[in-house]
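Trainee: I keep meeting labels for residues and contacts, and I would like to know what stands behind them. Could we go through some together?

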Amino acid sequence: MSTHAKRERLLFADLLETAGPEAPTLCEGWTTRDLAAHVVVRERRPDAAGGILIKQLASRLDRVMAEFAAKPYEELIQLVRTGPPRFSPFSLKQIDEASNTIEFYVHTEDIRRARPEWTPRELDHVFQDALWSRLERTARLMGRGSPTGMVLRRPDGRTAVAHRGAPVVTVTGEPSELLLFLYGRQQVADVELEGEKEAITKLHETKQLGI
């Protein structure tokens with residue numbers, strides 16, 4: 001049975017192919033080629049991928065990413081499609097599903113929503129619930145840099161606290177849109193913000209959400 005992560009991986013690979021290597025993305029300064037290289041390095045080069053979180057390793061990450069970005073674009077796409085090698089933790093179904101469902105959903109939207117004519121995807125409730133489950137577990141980590149208190153709320157009323165503090169801004173939307181907002185894609189997330197005007201402006205413009 002196909003998992004959410006596998007489905008999103010294939011959608012991401014197809015979109016990379018359709019968009020071509022020099023298309024813009026929501027990741028500042030990155031083209032689709034750069035984004036593909038990032039995904040491949042994350043799964044295949046743990047010795048360098050640590051630079052995503054650890055500043056001391058950032059220069060190594062940049063060098064390895066540049067090496068992969070220099071590969072033929074078709075080869076990069078194939079590496080994305082085939083996924084991690086057997087020795088990688090990401091090759092295990094449970095880890096793949098837990099770690100890559102959000103990774104590939106967000107990066108697919110990084111390409112889709114960088115286009116001026118983008119339209120929202122219609123996502124079924126099963127996938128929305130899966131995203132919400134992951135969002136609940138990561139909300140405080142991803143929202144730790146918020147300049148205001150932040151509560152995430154689904155249209156059905158369920159909530160998750162992303163950051164404690166005052167004043168509080170409540171961000172309402174479908175899990176897929178809340179996820180994009182929490183991962184620093186505030187400008188393209190289809191959400192409604194409630195709270196003090198100044199706090200809303202700060203939260204909407206901050207660069208401190210996500211990793």
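Trainee: Why does Leu180 count as buried?

Mentor: The relative accessibility of Leu180 is 1%. Buried means under 20% relative accessible area, exposed means over 50% and partly exposed is in between, computed with a 1.4 Å probe on protein chains only. The value of 1% therefore puts Leu180 in the buried class. One thing to keep in mind is that this is a predicted model, where local features need pLDDT of at least 70 and side-chain atom pairs count only at pLDDT 80 or more, while totals for chains, interfaces and linings use all residues. Residues are numbered from 1 along each chain as its sequence is written, and side-chain values use heavy atoms, with hydrogens and water left out.

Trainee: Where does Leu180 lie, and what is Leu180 in contact with?

Mentor: Leu180 belongs to helix H8, residues 175-182. Helices are DSSP runs of H or I with at least four residues, strands are runs of E with at least two, and both are numbered from the N terminus. Contact means heavy atoms within 4.5 Å. Beyond the neighbours within four places in sequence, Leu180 touches Tyr105, Val106, Glu109, Arg113, Arg185, Gln186 and Ala189.

Trainee: Tyr105 is on that list. What makes Tyr105 part of an aromatic pair?

Mentor: Let's take the pairs in order. The structure has 2 aromatic pairs. In one of them, Phe12 and Phe104 are 5.6 Å apart centre to centre, with 55° between the planes. Rings of Phe, Tyr and Trp (its six-membered ring) pair if their centres lie within 6.5 Å; planes under 30 degrees apart are stacked, over 60 edge-to-face, and the rest tilted. Phe12 and Phe104 are both buried.

Now for your residue. The ring centres of Tyr105 and Phe127 are 6.1 Å apart and the planes stand at 75°, so this pair is edge-to-face. Tyr105 in helix H6 and Phe127 in helix H7 (residues 125-142) are 22 residues apart. Tyr105 and Phe127 are buried too.

Trainee: What sits over the ring of Phe127?

Mentor: The charged end of Arg7, 4.5 Å from the ring centre. A charge sits over a ring if NZ of Lys or CZ of Arg is within 6 Å of the ring centre and within 35 degrees of the ring normal. Lys71 has its charged end over the ring of Phe68, at 5.3 Å from the centre.

Trainee: How do you describe the packing of H2 and H4?

Mentor: Two packed helices are described by the angle between their axes and the distance between the axes. The axes of H2 (residues 32-44) and H4 (residues 58-69) come within 9 Å and cross at roughly 115°. Axes are lines fitted to C-alpha atoms, for helices over the stretch in contact, and angles run from 0 to 180 degrees between N-to-C directions. Arg33, Asp34, Ala37, His38, Val40 and Val41 in H2 meet Leu61, Val64, Met65, Phe68 and Ala69 in H4. By class, this contact holds 8 nonpolar, 1 polar and 2 charged residues; Ala, Val, Leu, Ile, Met, Phe, Trp, Tyr, Cys and Pro count as nonpolar, Asp, Glu, Lys and Arg as charged, and the others, Gly among them, as polar.
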